[in-house]
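Please find below a short note on the model, arranged as numbered points.

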Amino acid sequence: MTTFNSLGLSKSVLKSVLQMGFEEATPIQEQTIPLAMDGRDVIGQAQTGTGKTAAFGIPMIEKINQDMKKTQGIVIAPTRELAMQVATELNKLGQYKGVRVLPVYGGTDMGRQIRELKNQPQIVVATPGRLLDHVRRKTINLSNIHTAVLDEADEMLNMGFIDDIKAILNAIPEQRQTLLFSATMPKEIHEIATKMMKKPETVKLKAKQMTVERIDQYFVEVNEAKKFDTLTRLLDIHMPELAIVFGRTKRRVDELTDGLNARGFRAEGIHGDLTQGKRMSVLKKFKRGALEVLVATDVAARGLDISGVTHVYNFDIPQDPESYVHRIGRTGRAGKDGHAVSFITPREVAQLHLIEKTTGTKVKRMSIPSSDEAHKGQQKVAVDKLVQSLESNNLDAYHAQANELIEQYDSVSVVAAALKMLTKERKDVPVKLTSLSPISVKQAVRDKHKKNGKRQYDRRKGNNGNGGKGGYNRNNKSKSYAGKRGQGQSSGRNRGYSQKRNQGNNQ
Ligand SMILES: Nc1ncnc2c1ncn2[C@@H]1O[C@H](COP(=O)(O)OP(=O)(O)OP(=O)(O)O)[C@@H](O)[C@H]1O
Ligand SMILES: [Mg+2]
């Protein structure tokens, strides 16, 4: 067990860390913080939800000179929502030191952003497209930057972003420290990365598998036409606290959202064609539990840390294994349990095997639940509601009517009728989605070579461990890692080839 105290943090940062409820450092923090504080370039790889943000955030904040009102650190993240989230976490870490952090991303007012950047916040957390805009307009001063971080580094160095990243890094003083973090790091991207860094130290936590062990991983083999009914049945049976359903395209997300609402689920979608205001409001609603289901493209696959997400459904199987790792990693975070179910059409079985091979995980088969099973799930919700009402003890006004009913009918029938009324009957609402062609491994490989499949979601319209169970406590403000963990990835994996999504502006 490593406490933050023993990592040699300054008083103010230590105070922030404790205030955030972190009691001990996670393994990736324990290993990378000392290196980074020593000034080394670091590539850090550890499973989703294991605290990589603080792993780069803490040394970065430590290095900031708070008396110097200049931009000294920069973090680049692939999506706007992630940039916002990272900025919030850094703000918390720097709260007692008095470090100013500004998120900078597209879809927001440029004029205002320029004014804010003029004030030289000490740390800027940005998406690449918008940041490059500022670099070209010379509306950001990069000359005092001593630390640059690429969060989701493999994604940032992938085809869609690499040119922007190169251009940005070239504009930052060369004697900078560079930190790269991600849960995944394909070999060829690691090679590209090391060329941009100075003798980087790679910290790759050893674990049997790339995904978090606490996430139960299942697949269900189902025909395209049956997917939607299967999804709503599973939602009825699993009764997630919060669920994320990933679809492959924006259209898919829209159709799924409409379909789920038609069947009585509170669902909203998030993808790159929505205005930034809408994206933020959907995410906020989801975080506070006003939505049960968030339907999303891969725009929500990386980095987002939303507590209460108990289930992830890959309605469409992701186009590459890395995306699978990140998507399912939206659950099972910070030591909590999670569940993931991937829908595989019969022609996508090879893609599933590739995911299993790459991640070192066995994904268990689950049979398609029957409508009876789903109905039982719905009934369970109705029973819960009834019990809640019983326990609320506020039923006096109904006693007279209840007595009359019991005199006329037997009590079991009366309760059954009440349950029937409370049960959401979903199966009668037909929902038809536009079908998508299956993903094949061959197709995915071809896509890799299609340069025009560039993803730059920041620029587009409108958006542009594992471990011993129970080892992690998160009571109120107290979060701690304990017990045996071995987070991170198994090393030396060689996939033999890599894939590139051809999602273009599908997100
Ligand atoms: N030492 C710690 N003790 C307890 N909780 C922590 C600790 N460090 C981070 N956390 C919390 O764990 C959660 C996950 O952290 P974070 O988002 O940094 O994970 P990540 O490794 O970046 O995941 P991803 O790969 O999905 O981006 C956050 O809510 C964070 O506040
Ligand atoms: Mg992260």
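Which residues does the UniProt annotation "short sequence motif: Q motif" cover?

1. The unreviewed UniProt entry assigns that motif to residues 2–30, and the feature "domain: DEAD-box RNA helicase Q", also from an unreviewed entry, is placed at residues 2–30. UniProt positions follow the numbering used here, feature names are shortened, and annotations may be inferred rather than shown by experiment.

2. This is a predicted model, in which local features need pLDDT of at least 70, side-chain atom pairs count only at pLDDT 80 or more, and totals for chains, interfaces and linings use all residues. Residues are numbered from 1 along each chain as its sequence is written, while chains are lettered from A and ligands numbered from 1 in the order in which they are written.

3. In the span 2–30, the end C-alpha atoms are 7 Å apart, with 45% helix and 0% strand. Helices (H or I, at least four residues) and strands (E, at least two) are DSSP runs, numbered from the N terminus.

4. Lys11 belongs to helix H1 (residues 11–19). Lys11 is exposed (12 or fewer other C-beta atoms, placed from the backbone, within 10 Å of its own), because 9 such atoms lie within 10 Å. Its C-alpha atom is separated by 8.8 Å from that of Lys97, 86 residues apart along the chain.

5. The axes of H2 (residues 27–37) and H3 (residues 52–63) come within 9 Å and cross at roughly 25°; axes are lines fitted to C-alpha atoms, for helices over the stretch in contact, and angles run from 0 to 180 degrees between N-to-C directions. H2 is therefore roughly parallel to H3 (angles under 35 degrees).

Notes: Parallel < 35°, antiparallel > 145°, perpendicular 65-115°, else oblique. Buried ≥ 20, exposed ≤ 12 C-beta atoms within 10 Å, placed from the backbone.
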